Protein chains: 2
Amino acid sequence: MKRVTIKDLASELGLSPSTVSRALNGDRNIRPGTRQRVLEAAKARGYKPNLAATSMKTGRTYTVGVVVPEMVTGYTIEVIRGIQDVLYAKGIRVIVADSAEDPVREKENLLMMERFMVDGLVFSPSNYHENHETLERLIREGLPMVCFGRIPYGIDIPKVVVDDYSKSFFVVEKMILSGCRRICHFTGPDEVYNAVERAKGYCDAMAKYKLEAIEFPGGLGKEGGYAAVDRMMESGKAFDGIYAFNEAVAVGAMTRLRELGRRIPEEIAVAAFAGTDLSTVIYPQLTTVEPPMTEMGRTTAELLIEKIKDPSVESRTVVLNAEIKLRGSTEKK
Amino acid sequence: MKRVTIKDLASELGLSPSTVSRALNGDRNIRPGTRQRVLEAAKARGYKPNLAATSMKTGRTYTVGVVVPEMVTGYTIEVIRGIQDVLYAKGIRVIVADSAEDPVREKENLLMMERFMVDGLVFSPSNYHENHETLERLIREGLPMVCFGRIPYGIDIPKVVVDDYSKSFFVVEKMILSGCRRICHFTGPDEVYNAVERAKGYCDAMAKYKLEAIEFPGGLGKEGGYAAVDRMMESGKAFDGIYAFNEAVAVGAMTRLRELGRRIPEEIAVAAFAGTDLSTVIYPQLTTVEPPMTEMGRTTAELLIEKIKDPSVESRTVVLNAEIKLRGSTEKK
DNA sequence: CTTTTCATGAAAAACGTTTTTCAAAAATAG
DNA sequence: CTATTTTTGAAAAACGTTTTTCATGAAAAG
């Protein structure tokens with residue numbers, strides 16, 4: 001089942017391949033009648049351009065890469081869907097690779113995207129300082145790149161983020177206003193930009209109300225949250241609230257709290273940044289700060305397209321609004 | 001930052017491009033010393049083959065498409081990771097598109113993959129009878145294709161599945177043996193192959209113990225499970241067990257049961273097919289039948305590679321073993 | 001030595017486009 | 001009508017590979 005080429009169309013219509021190419025690409029140096037004939041024949045014969053040939057000629061591959069630190073939380077998936085929405089609509093192939101929170105794999109992924117000759121790259125680093133050389137080399141060599149969510153440190157690059165700091169501040173403040181006094185923070189890894197910002201927001205909110213800020217490392221996943229509860233207990237201090245780096249940590253914490261017979265939110269309230277569907281399927285439902293994931297993906301893709309079209313555009317940072325969703329884990333009835 | 005080509009290497013080494021190509025591709029008509037020199041120069045100059053040019057010549061794009069009915073459950077993501085594991089290791093680009101359970105989008109996705117000139121396609125249909133014409137055309141035109149999980153009806157194609165029927169049978173039997181007598185089934189959509197199989201397994205298990213099989217439509221998501229509980233209540237019959245088509249349906253059901261004050265598993269036990277991480281973060285933890293997702297993805301990818309290499313191989317069906325995980329939602333302490 | 005075989009590498013064609021250059025035809029101006 | 005401009009489309013080159021064909025020189029055989 002051989003694919004029909006531009007030459008086939010040309011000989012069928014008694015035209016030259018160049019004329020057919022012109023007609024197909026909307027070049028204006030062509031008689032409307034001729035264009036019409038070509039377009040009809042193309043449709044009739046089911047002509048589909050050979051992307052490889054087009055790539056060869058134009059130097060573009062019509063492919064972009066997406067490298068993300070993980071792919072298992074609903075969070076990232078939603079962002080990816082947003083990216084795909086925009087790019088697929090433009091006929092651009094999207095290749096996603098997941099670094100599994102491992103900088104070594106992340107580097108491999110970046111190099112793979114380079115081998116794949118992507119026209120541009122969406123990158124969300126596993127942490128903010130690893131793989132800088134690779135990153136800088138790629139940018140220096142002219143690969144258009146946009147970051148979202150987690151971002152690297154000290155690199156001038158377009159990015160799409162939410163305001164981790166102030167949203168953290170506000171959600172902690174809400175907890176305080178609803179009666180919590182001894183709130184601790186289960187932090188994310190130090191190497192994650194957002195973790196640092198969220199911790200700052202927490203500390204400043206506590207400071208505003210002259211409350212003591214206490215942190216326990218919570219990591220990225222539920223195991224971390226689970227363990228952090230134990231460390232919290234061992235500290236000997238009494239707490240009536242936990243603000244977790246993310247949803248998974250919060251869920252792990254809640255599991256442990258339940259095992260220990262603590263009632264949520266009566267004895268201890270729980271809130272977290274970055275909620276997905278998971279927040280509403282657990283009980284009690286989790287109070288969260290929810291970034292607009294799909295929109296984030298869409299915006300990221302648009303920024304990238306902009307950058308691919310004109311690599312000299314300055315690196316914009318788009319800050320999207322995250323919504324605070326108060327739910328059962330902090331709201332006593 | 002121009003990319004170095006085979007020609008650059010050739011002129012640098014005083015060889016012809018063809019010789020360089022030979023050396024790079026392990027052709028044996030070349031003196032070991034020459035090959036060595038070429039390989040070293042390639043490494044030194046950072047030569048990376050232009051994939052578009054290679055495609056052009058070989059007719060392969062080194063790209064495969066993956067079309068899945070949804071991408072939000074951990075289920076599909078894990079399978080995708082398995083697929084990526086295998087294909088990325090072989091330098092093949094993986095392009096994933098999500099049909100959002102919509103046959104119209106699904107068709108668009110299939111056509112998009114065709115435009116993208118994928119070398120092969122992994123396909124998991126949203127339901128078993130839509131888009132048959134497109135599917136059959138693609139296969140007829142020689143596109144290598146493998147299905148996993150959900151499968152289309154009446155099409156001879158390699159596939160990777162688990163034994164929905166017997167696993168359903170066994171898990172329902174376990175519920176019966178642990179004391180349940182009045183188990184109902186929250187079914188998946190009739191158009192999904194697996195839903196039909198799972199329902200059969202349920203019915204046959206009930207029949208074996210001379211128990212009445214009663215079904216309520218549960219759909220694909222938690223909303224369906226939530227609503228099904230209400231329909232179950234309205235039926236006026238008393239139930240002490242729910243076997244749900246999938247995890248999301250079970251979770252929806254459990255949410256509603258909790259609202260109604262029913263204790264799980266004491267008053268009513270719950271189990272479901274296809275568990276992810278979600279099963280263990282809810283309370284009580286959910287008894288599930290867990291297909292080996294990543295392995296499923298890996299096997300699917302291997303079958304596809306086989307089919308791409310030799311399109312004439314017969315269509316194998318690989319049945320993987322799913323594990324029954326008994327957890328708190330059925331096990332009374 | 002000559003002839004035959006073999007190893008090695010050069011030359012050139014090809015893949016399907018896009019794009020530049022150019023020539024012919026048509027339209028306009030004088 | 002001729003001269004000039006504009007429109008239209010053909011021809012050919014190019015993108016970076018792979019692959020086929022061919023020529024050369026060296027080694028082996030006679």
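B:Val289 stands opposite B:Ile324 in strand E12 of chain B. Strand E10 (residues 287–290) of chain B pairs with E12(B) in the antiparallel sense over three bridges; pairing requires at least two bridges found by DSSP. Strands here are DSSP runs of E with at least two residues, helices are runs of H or I with at least four, and both are numbered from the N terminus.

A word on the source. This is a predicted model, where local features need pLDDT of at least 70 and side-chain atom pairs count only at pLDDT 80 or more, while totals for chains, interfaces and linings use all residues. Residues are numbered from 1 along each chain as its sequence is written, chains are lettered from A and ligands numbered from 1 in the order in which they are written, and side-chain values use heavy atoms, leaving out hydrogens and water.

Back to chain B. The open sheet has six strands in the order E7-E6-E8-E9-E10-E12, with mixed pairing. Strand E7 (214–217) and strand E12 (323–325) of chain B are at the edges, each with a single partner strand, so one side of each has no neighbour in the sheet.

Now chain A. Helix H5 (residues 74–89) and helix H13 (residues 293–309) of chain A pack at an angle of about 45°, with their axes 7 Å apart. Axes are lines fitted to C-alpha atoms, for helices over the stretch in contact, and angles run from 0 to 180 degrees between N-to-C directions. H5(A) and H13(A) are therefore oblique to each other, since angles under 35 degrees count as roughly parallel, over 145 as roughly antiparallel, 65 to 115 as roughly perpendicular and the rest as oblique.

Last, the domains: chain A is divided into domain 1 (6–49), domain 2 (61–161 + 293–320) and domain 3 (164–291), with bounds from an automatic or database domain assignment.
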